[in-house]
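Subject: Handover of a structure and the findings from it

Dear colleague,

Please find below the structure that I am handing over to you. A summary of the findings follows it.

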Amino acid sequence: MDAVNNGAEKNLRKGVFPWHLKSVQDAIIMNIIKDCKGMLIGEVGGGDTRILPALAKLNKVYNIEKFQGADGGPDNELTFKDVNNIQCWVGDSKGQIRDSFFDILFSVSVVEHVPTNALSGFIEDCARILKPGGQMFHAVDLYLTQPDYKFNGVHYTHVGHTKIQAYQEAFKSGLFEPLGKIEINNKEDLEFKPQYISNPDNIMTQWNKVAPKLADLRDNAQSVTLLWAGRKPSEMQYLK
């Protein structure tokens, strides 16, 4: 809660709901990069971005978003003062974003929508468009359930662990160096703890109306956030 207590989110645009998990994710990301000056910053899948307008005062910022309504996002282009739009997907941005362009990439509630089999391409593209020494910060939604809970006949802790392993490939491949200690190393680490920030029940009820196919999962899980953060090695110029 340090990011929230520091008031990192006070200058951000507010979302539809007054306070929920995205509010904390916004605060976490903003607390990390709020002091950036003169940098090129890209938000992956920013949609109706809440963070970029605040960063645009001292940096050149880009919303990397197709505006096609994917996963509940906006289906028409949104514009904000001093925020540049790049209409493409990270993972398929060759020809639209040049190599070694950004100092910082970040996202909020986006990476969980990238299919597991497409994550390697996403990671490679993040590395390609970041400058040597550039950093990425992704606040990823994650459902934590009881160990014996099954969703669609599959133990959900296995699903979560598979995603975590895919995220960790960014570090194992050498494309990124982890920023900070890696806290999740096995399935046992994917257990909810009281100190975790999670979505309140009223927000989960609203999500059930928006995406009812996941209602049973939400009834048996806590919705938390994972911070996936890495630095592109300084000697890596770009990927062929």
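To how many disulfides does the count come? The count comes to zero disulfides. Please bear in mind that this is a predicted model, as that applies to everything reported below. C36 counts as buried because its relative accessibility, 11%, is under the 20% cut-off. C88 is likewise buried, with a relative accessible area of 1%.

The structure holds one cavity of 30 Å³ or more. The space in the largest cavity comes to about 40 Å³. Its lining is made up of L142, Y143, L144, T145, Y156, T157, G160 and L190. Strand 5 (130-145) and helix 5 (156-172) are the elements that give two or more residues to this lining. Strand 5 provides the largest share, with four residues.

Helix 5 consists of 17 residues and spans 24 Å from its first C-alpha to its last, which is close to the 24 Å expected at 1.5 Å a residue. The buried residues in helix 5 are Y156, T157, G160, H161, K163, I164, A166, Y167, Q168, A170 and F171. Among them, Y156, T157 and G160 also line the largest cavity. After helix 5 comes G174, with a positive phi near 90 degrees.

Helix 2 (residues 21-33) has 13 residues, and the distance from its first C-alpha to its last is 19 Å, close to the 18 Å expected at 1.5 Å a residue. Buried in helix 2 are L21, S23, V24, Q25, D26, A27, I29, M30 and I33. As background for reading both lists, an α-helix has 3.6 residues a turn, so residues three or four places apart point the same way.

Aromatic pairs

A search of the whole structure finds seven aromatic pairs. One of these is formed by F101 and F102, an edge-to-face pair with 4.8 Å from centre to centre and 80 degrees between the planes. F101 and F102 are both buried. Together with Y62, F101 and F102 belong to a cluster linked by ring pairs.

Loop residues and a proline

The loop between strand 2 (60-64) and strand 3 (83-86) contains D71, and D82 is placed in the loop between strand 2 and strand 3 as well. Each is a residue other than glycine with a positive phi: the value is near 55 degrees for D71 and near 65 degrees for D82. D71 counts as exposed because its relative accessibility of 56% is over the 50% cut-off. D82, at 47% relative accessibility, counts as partly exposed.

P233 is found in the segment after strand 9 (221-231). This proline is buried, with a relative accessible area of 6%. P233 and K131 are 102 residues apart in sequence, while their C-alpha atoms are 9.1 Å apart in space.

With kind regards

Notes. Residues are numbered from 1 along each chain as its sequence is written. This is a predicted model: local features need pLDDT of at least 70, side-chain atom pairs count only at pLDDT 80 or more; totals for chains, interfaces and linings use all residues. Side-chain values use heavy atoms; hydrogens and water are left out. On a 1 Å grid over the protein atoms alone, a cavity is a set of points where a 1.4 Å probe fits but cannot get out, and a pocket is an open set with protein on both sides within 12 Å along at least five of seven lines; lining residues have an atom within 4 Å of a point. Grid points are joined across faces, edges and corners, and a volume is the space filled by probe spheres set on the points. A disulfide is a pair of cysteine sulfur atoms within 2.5 Å. Buried means under 20% relative accessible area, exposed over 50%, partly exposed in between (1.4 Å probe, protein chains only). The expected span of a helix is 1.5 Å times one less than its number of residues. Rings of Phe, Tyr and Trp (its six-membered ring) pair if their centres lie within 6.5 Å; planes under 30 degrees apart count as stacked, over 60 as edge-to-face and the rest as tilted.
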